[in-house]
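Thanks, everyone. Let me put the model on the screen and walk through how its parts meet.

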Amino acid sequence: MISPVRSELTVSDNVPFGHPSAGSSGGYRFYALTLERPEWKDWRPGQFIMMRPAGAADSPQWARPFSICRVTSQGLVLFFRVAAPAWERFARLKSGDKVVVWGPLGTSFDVRPDTPTLLLARGIGIAPFAGYADKHPDPASLFLLFGHTYPSSNYPTDAMASRMELENLRDHTPEELEYFHTVMREKMITYRQRGGICLACGPISFLYRVWKDAVELGLPTQLSLEQRMACGTGVCLGCVTVTSQHWADPAHAGLPVQTCTSGPVFWASDIDLDARIPGGKG
Ligand code: FES
């Protein structure tokens with residue numbers, strides 16, 4: 001069990017990725033934010049932090065969850081997308097600014113040396129797999145299939161390709177997306193036959209597809225539902241998912257759990273993404 005720590009950290013760098021476009025801070029959508037290295041004893045890929053600019057009102061509405069991308073000797077790296085106005089303040093952070101960080105938080109991806117491991121990511125879901133490849137004792141056993149709507153220059157694929165085998169496919173059009181899904185399913189079948197595991201992170205529509213295939217094929221698969229999180233603290237109830245009959249605690253099987261307090265990483269067999277969330281839209 002890793003105990004979360006509250007730290008005030010200095011921004012080292014905040015580098016925009018890709019090409020500017022209208023509608024986000026400075027015209028960029030994607031940023032690699034590097035903070036000074038926190039004094040954590042340890043962390044695991046798949047975990048997240050909560051972060052807010054220092055000096056901002058000490059209110060939960062200022063803090064946002066960030067998937068941990070990497071922790072290097074230089075610092076803590078977060079890769080994020082400006083998907084809504086609330087993220088603009090993080091895009092404006094610059095070297096020397098201070099932020100308040102709480103973490104590492106949550107569950108993490110399984111690491112199995114000598115096991116073929118298929119990594120599936122779409123869009124910003126690529127972030128935790130940089131650190132996963134860094135920490136894995138046998139990166140030759142990893143293969144990352146990455147689907148992306150924006151051009152690949154928006155994502156840190158070049159750095160990641162030096163650590164593991166990586167295939168990236170543009171999925172901008174419906175035809176491209178369907179092709180990506182076809183390749184993804186073929187890979188999952190292959191990894192099932194090889195006795196491997198699968199780890200996935202990305203938008204919920206993508207994870208639903210992975211979940212369906214994983215359950216049908218019987219491929220041991222973990223999903224990070226981190227993109228469901230908003231407040232990250234168990235307050236907003238926006239991140240609820242429903243457990244399956246395989247949930248470790250039978251008393252809570254078939255009941256809602258919050259991604260931020262019980263995840264964000266779940267085994268596909270432990271959750272039921274077809275289940276209607278009580279009080280939700282179904
Ligand atoms: S993110 Fe708000 S309750 Fe989980």
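Start with the domain contact: 21 residues of domain 1 are in contact with 24 residues of domain 2. Contact here means C-beta atoms, placed from the backbone, within 7 Å. On the side of domain 1 that touches domain 2, β6 (75–81) gives the most, with three residues. By class, that side has 14 nonpolar, four polar and three charged residues. Nonpolar covers Ala, Val, Leu, Ile, Met, Phe, Trp, Tyr, Cys and Pro; charged covers Asp, Glu, Lys and Arg; the others, Gly among them, are polar.

Some ground rules. This is a predicted model, where local features need pLDDT of at least 70, side-chain atom pairs count only at pLDDT 80 or more, and totals for chains, interfaces and linings use all residues. Residues are numbered from 1 along each chain as its sequence is written.

The domain assignment, automatic or from a database, gives domain 1 (5–105) and domain 2 (117–270). Their C-alpha centres lie 21 Å apart.

Now the core. The largest nonpolar core has 66 residues, and Leu120, Phe129, Leu144 and Cys198 touch the most other members. A nonpolar core is a set of buried Ala, Val, Leu, Ile, Met, Phe, Trp, Tyr and Cys residues joined through C-beta atoms within 7 Å. Buried means 20 or more other C-beta atoms within 10 Å of the residue's own. Leaving out residues up to four places away in sequence, Leu120 touches Leu145, Met184, Cys198, Ala200 and Val210.

Technical notes
A residue is buried if 20 or more other C-beta atoms lie within 10 Å of its own, exposed if 12 or fewer, and partly exposed in between; C-beta atoms are placed from the backbone. Two residues are in contact if their C-beta atoms, placed from the backbone, lie within 7 Å. Helices (H or I, at least four residues) and strands (E, at least two) are DSSP runs, numbered from the N terminus.
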